[in-house]
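My notes follow in the order I made them.

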Amino acid sequence: MSEPTFTLPVRSLDAAVAFYRELLDREPAARTAKTARFDLGEASLCLVHTQAPSPPSLSLPGPRPGTHVDPDGHVVELRAPTRTLRGPTTAALHTGVPRTAGAVVSPIHRSTVFELGEVKSYGDIVYPRLANTPTHASLHAALAALEGTAAALSFASGMAAISTTLLSLLRSGDHLLAARTLYGGTSGLLREELPAYGIGVGLIDATTPEGWAAAVRPETRVLYVETVSNPLLDVADLESLLSFGRSRGLLTVVDNTFLSPVNLRPAALGFDLVVHSATKYLGGHSDVCAGAVAGSTELVGRIWKTQHHLGGTLDPQAAWLLERGLKTLALRVDRQNQSALRLARFLSAHPAVREVRYPGLRQHPGHDRARRWFRGFGGMLALRPADPERFLSRLRLPTYAASLGGVESLVVVPARSSHMTVPEAERVSLGITDDLVRLSVGCEETEDLLADVAQALD
Ligand SMILES: Cc1ncc(COP(=O)(O)O)c(C=O)c1O
């Protein structure tokens, strides 16, 4: 985590200042914070104090914009409410670390060594493995703004985010309840790794509450699902999962990779933690491997401590690339939503296609839920062409490749790639068969994609 950085939603500059003073009293970590950032909804306020002497009695110069130095030597930057920050993208674009020399884009801090200020805890040492360089801080502020959470933390991959999160929340003897249909790597972690740490795993159908009560145990601690599952595009019954989790005192963790925060912000629904393979939509350009978790300062701080030991931290170069990708996330996802919906409608009416799975289609079993919660239905769809080999060999635009969420369309047979390590009997019982084709819709013109898919089926 980019600790010490605090991102807090408040309504006005005065409220931000009051909140900050209160925070200094309540949260010891805030006393050593170099950056406190307030997402005002209507303005962006940054309080930056460098080389904080012991506990700063921050005396703000009043809510006047500009850079000030207070009597304790804190550099305090106040940004005026020059514009309205309502949407997550606006917030993400305007919540990076304060500008250096006026540069609009944050620099990449490649340094692995940072001069020590006052060190009260291990996390006060700025070091890339601790994910607290200014480059990480800037990325984490943008990630938290997008997911609408108090804190966020980046990782070297989506699997690093998922494994570090689960290993920080679960101990030997604990039990995890998870959706039966998950990304193949996550299934592998649950099946092959967690039991070796003494962590039990139970599987449920996340689309219907039937069977959940029977699967929970006294030692169950965490409930883990994907908002939209990979590769079947099932829509989890998120509201029932949340009330079930709350009634049993479980921490709720959701993988929001397929939707991205543009289509759903699960923390706003009530999920405790949101994980991502940032390699997909968040990065968006198929050139960075990364992961993320977003949630409360307390929970993300806990995961951050585990990350210190497991070490799956994102390199600053990749952190910078990821932050760059985030800036265009909404533009890309909006276009991918539109193209995927048109392709799904076209494919579902085509005689050479036996089944199309896309939450935006009325016939999808999770359609009503998706309409209720999602801003858009996403850029992922799955289909069963009557002749999958012919379809795949005739497609011209989508590249046959694993991964997803980039600007270029990709197509793959999950049974032979992302899910090939899932035991065959389980794969087949779930419907992940050799005729299931997964399409990641890119940012090409919709008409070009429609024409390509049409000629591949003709
Ligand atoms: C839904 C989902 N979660 C997590 C992951 C793992 O992410 P990564 O490959 O970045 O480790 C993937 C990868 O495809 C995925 O599709």
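**A pair of helices**

I began with a pair and noted that α5 and α6 cross in a right-handed way. The model is a predicted one.

I then looked up where the two helices lie. Helix α5 covers residues 158-169 and helix α6 covers residues 184-193, and their axes come within 10 Å. I wrote down a crossing angle of roughly 30°. Angles under 35 degrees count as roughly parallel, and α5 and α6 are therefore roughly parallel to each other.

Which residues meet in this pair? I listed M159, I162 and S163 on the α5 side, and G185, T186 and L189 on the α6 side. Sorted by class, this contact of α5 with α6 holds three nonpolar and three polar residues, and no charged ones.

**A covered helix**

Next I turned to helix α12, residues 316-326, and asked how many of its eleven residues are buried. I found nine, and noted the helix as mostly covered. The buried residues in α12 are P316, A318, A319, W320, L321, L322, E323, G325 and L326.

What covers them? I noted that the cover includes helices α3 (88-93), α4 (134-147) and α13 (329-348), and also strand β6 (151-155).

**The whole chain**

Last, I looked up totals. The protein chain has 17 helices and 17 strands. It has 458 residues, of which 51% count as buried. I also took the contacts in the chain with a separation of 6 or more: residues 24 or more positions apart account for 73% of them.

Conventions. Residues are numbered from 1 along each chain as its sequence is written. This is a predicted model: local features need pLDDT of at least 70, side-chain atom pairs count only at pLDDT 80 or more; totals for chains, interfaces and linings use all residues. Axes are lines fitted to C-alpha atoms, for helices over the stretch in contact, and angles run from 0 to 180 degrees between N-to-C directions. Helices (H or I, at least four residues) and strands (E, at least two) are DSSP runs, numbered from the N terminus. Angles under 35 degrees count as roughly parallel, over 145 as roughly antiparallel, 65 to 115 as roughly perpendicular and the rest as oblique. A crossing is left-handed if the near helix is turned anticlockwise from the far one by less than a right angle, and right-handed if clockwise. Two residues are in contact if their C-beta atoms, placed from the backbone, lie within 7 Å. Ala, Val, Leu, Ile, Met, Phe, Trp, Tyr, Cys and Pro count as nonpolar, Asp, Glu, Lys and Arg as charged, and the others, Gly among them, as polar. A residue is buried if 20 or more other C-beta atoms lie within 10 Å of its own, exposed if 12 or fewer, and partly exposed in between; C-beta atoms are placed from the backbone.
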